[in-house]
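Here is a short briefing to read alongside the sequence and the 3D view.

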Amino acid sequence: MSDSSPLPPVRLHPEAELARDALSTPLLSRAARLARWAGPDTRVDAGGGLVDEQLPAAAELLGLSGDDAAAYASEAWRVAVDTGLVEVVDEEEGTVAAGAELALLTGGSPQDVLGVWTGALEAVLADASVPDLDELVDAMDAGGAVDLSSLDWDPEAEAEFLDGVLGNLYLLTVSEDGPADGPVPLPALAASMIVPSDMGEPTNDVLEQVSDAMMRLDDQFRLLEPVGLVEYQPVDEALMADTDGAGEDPSAAVDDTDVSRYGMVRLTPLGLYGLRARLLEAGFEAPAVGDLADKGADALLDGTATFPQGAAQAETEQWLARRESLAAARELLAAARGLDAGAPLRRLRCQQALSLVGAEAEPALREVLDDPELGGLARVWLTEAGFADVPAPSQELVFWLTVDTLAAQLAAEGDSDELRALVEGLAGQHSGFFAAAWRVGHPATADVLEAMGRLHSDKKVAKEARKAAFKARSQQGG
C-alpha cells in the first residue's frame, strides 16, 4: 500500500461510542480490573510482570480458568503496565501503584479513553510479531540468550508484514467496492501480500507461501481479537489437520459455502479508528467523513474531489447540516469558480452538493445565470428543481458546459466505461459537434477532445475527434 495518494475516506463511529467499545474489550477491561486490584502486597519481577505466585489470584479475579488462565492474566497485567494503568514504584522491591492513566478510564474524555486503548493496541501488535513461546525456548542457548538466526525470524520484517496485512484489510474495508461490513477470507488477505498482481496462475511455491502466511495470520488475529481490533473466525483446526496446505490454493479449493473454514476476519468500528490513527502517524493521508464539516466550501470541493460518490455525499451532507441553505449555496458557487485544472471537478462536486440543497437556494443560482463558468450549472439546477422563467442557454454556453462536464468526469473517473458511453452518446446526437467544439474557449477543450478520440469505438469519429483536438491545441498556442 503506497502512502503517495489518499486512501478512501472512512466513516467512523462517534468517539463516545468507540470509547465505550474500548472499555468493554476483554483485554483492556481485564487490565483495568487488575490495576484496581493491585495493592501494597502486589509484586512484579524485573520485567514488570506479575510474579508467578500471584498469577493464580489474578486469574481468579478475572474469572479465568483452564490451562491458559495464568497466561491470559499475565497478558492483561503487561497491558496494564504498558498503558500506564499500573506503575512500578520500586524496581528492586517490585512494588507497584495505580498509574495516572487509570483515572482516565472513568473520569477522562472519550479521547482519553481511546488514547489508553491505543496504547494497549500497540502493545498487542508488538506481541503479535513475536514467535510463540515454544519457538523461543527451542532457540534459547545455554546462556539464556535467544538465537534469532535459528528462528528464521526478522523482527522488522514481521512487523512490516503485519502492518501491510492490516493496511490491506483497512483499504478493503473502506473501499466502496470492498466487503463493507462483511468479513474478508483469510486466504485472500494472505494472498494480497504474497501473490504478485501481474501473476496469472500462482506457482506451487507461491501457494505454499500463502499457506504459511495464513497460519501466521491465524495466530496473530487470535491475539488481536481480545483488544477489539478485529472480529475473527479462526481457521478450522480439523481442516488444517486434513491437509498441510502446501501446493494448494485455499481460495480455489473450496466453494462459497465452506470458504469460512479457512478463517474470516473483519475490522471492528474500533479497529477502523485504531488503524486510521496508525496510518496517519505513519504519514498516510487517511481522511474520515466529517473532517471537512467545519471548513470552507473551497476545502469541501477540493477535499471531496477524489472521494467515491457515496463518501462525497456523506461528507457534503454533514457540511450542509451546519449551514443555512442560501448562504451555503452562495459559498459553494463562489468556490466552484476557476479555470485551473481542478476547476471542472470542483464544479461537478458543487453541482452534486447543490442537489442536496432545498428551494431556499434559488436566489443564489439566479445570481450566477450570467456567469460564464456557472451559468450553465445554474440553469441545470433551476430546471431540475422545477422553477419557471429559466432563460435558455446560448449555444456557446451549452458547448462550454459540455466540455466542462466531460473534463470533470475525466478527472474523476479516467477513461471509464461510463465516460465512454457518454462520449459515444454525445457524438451520436450532434453530428457537427467536433466542428464547433474545438473553438470552445475552455482550458480543457483539447484534452477532452483527445479523450473522446481515445474512447470512441468508431474509428472515423475517433479520428474526427483527434483532428478537432489538434485544432484546439493550435488555437490555444500549445
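A residue counts as buried when its relative accessible area is under 20%, as exposed when it is over 50%, and as partly exposed in between. Lysine 471, at 43% relative accessibility, is therefore partly exposed. Please keep in mind that this is a predicted model.

**Salt bridges between helices**

- A salt bridge here needs a side-chain nitrogen of Lys or Arg within 4 Å of a carboxyl oxygen of Asp or Glu, and by this rule the count comes to 21.
- One of them joins the side chains of arginine 278 and aspartate 163, with an N to O distance of 3.0 Å. This pair links distant parts of the chain, since arginine 278 belongs to helix α14 (residues 269-281) and aspartate 163 to helix α9 (residues 155-174), 115 residues apart.
- Arginine 346 forms a salt bridge with aspartate 302, and their closest N and O atoms are 3.9 Å apart. Here too distant parts of the chain are linked: arginine 346 sits in helix α18 (residues 343-354) and aspartate 302 in helix α15 (residues 297-303), 44 residues apart.
- Is arginine 346 buried or exposed? Its relative accessibility is 9%, so arginine 346 counts as buried, whereas aspartate 302 is partly exposed at 46%.
- Arginine 473 and aspartate 447 make another salt bridge, with the closest N and O atoms 3.0 Å apart. Because arginine 473 lies in helix α25 (residues 459-475) and aspartate 447 in helix α24 (residues 445-455), the pair ties together parts that are 26 residues apart in sequence.
- Arginine 473 is partly exposed, with a relative accessible area of 25%, and aspartate 447 is partly exposed at 41%.

**Charged surface patches**

- Which residues form the positive surface patch? Arg439, Lys463, Arg466, Lys467 and Lys471 do.
- A patch residue must have over 30% relative accessible area and no salt bridge, and lysine 471 has a relative accessibility of 43%.
- Negative charge gathers in a surface patch of Asp90, Glu91, Glu92 and Glu93.
- Glutamate 91 is found in the loop between β1 (86-90) and β2 (95-98), and glutamate 91 counts as exposed, with a relative accessibility of 70%.

**The hairpin**

- Strands β1 and β2 pair in the antiparallel sense, over four bridges.
- Within this pairing, valine 86 has alanine 98 in β2 as its bridge partner.
- The two strands, β1 and β2, form a hairpin with four residues between them. In the turn, glycine 94 has a positive phi of about 75°.

**A loop glycine**

- Where does glycine 296 lie? Glycine 296 is in the loop between α14 and α15.
- Glycine 296 is partly exposed, with a relative accessible area of 24%.
- Glycine 296 and alanine 335 are 39 residues apart along the chain, and their C-alpha atoms are separated by 8.7 Å.

Definitions and conventions: Residues numbered from 1 in each chain as written. Predicted model: local features only at pLDDT ≥ 70, side-chain atom pairs only at ≥ 80, totals over all residues. Heavy atoms only, no water. Buried < 20%, exposed > 50% of the residue type's maximum accessible area, 1.4 Å probe, protein only. Patch = residues over 30% accessible without salt bridge, like charges linked within 9 Å, V, L, I, M, F, W, Y side chains within 5 Å. Areas by Shrake-Rupley, 256 points an atom, 1.4 Å probe, with all protein chains shown as cover. Lys, Arg positive; Asp, Glu negative; His and termini not counted. Charge placed at Lys NZ, Arg CZ, Asp CG, Glu CD. Pairing = 2+ DSSP bridges.
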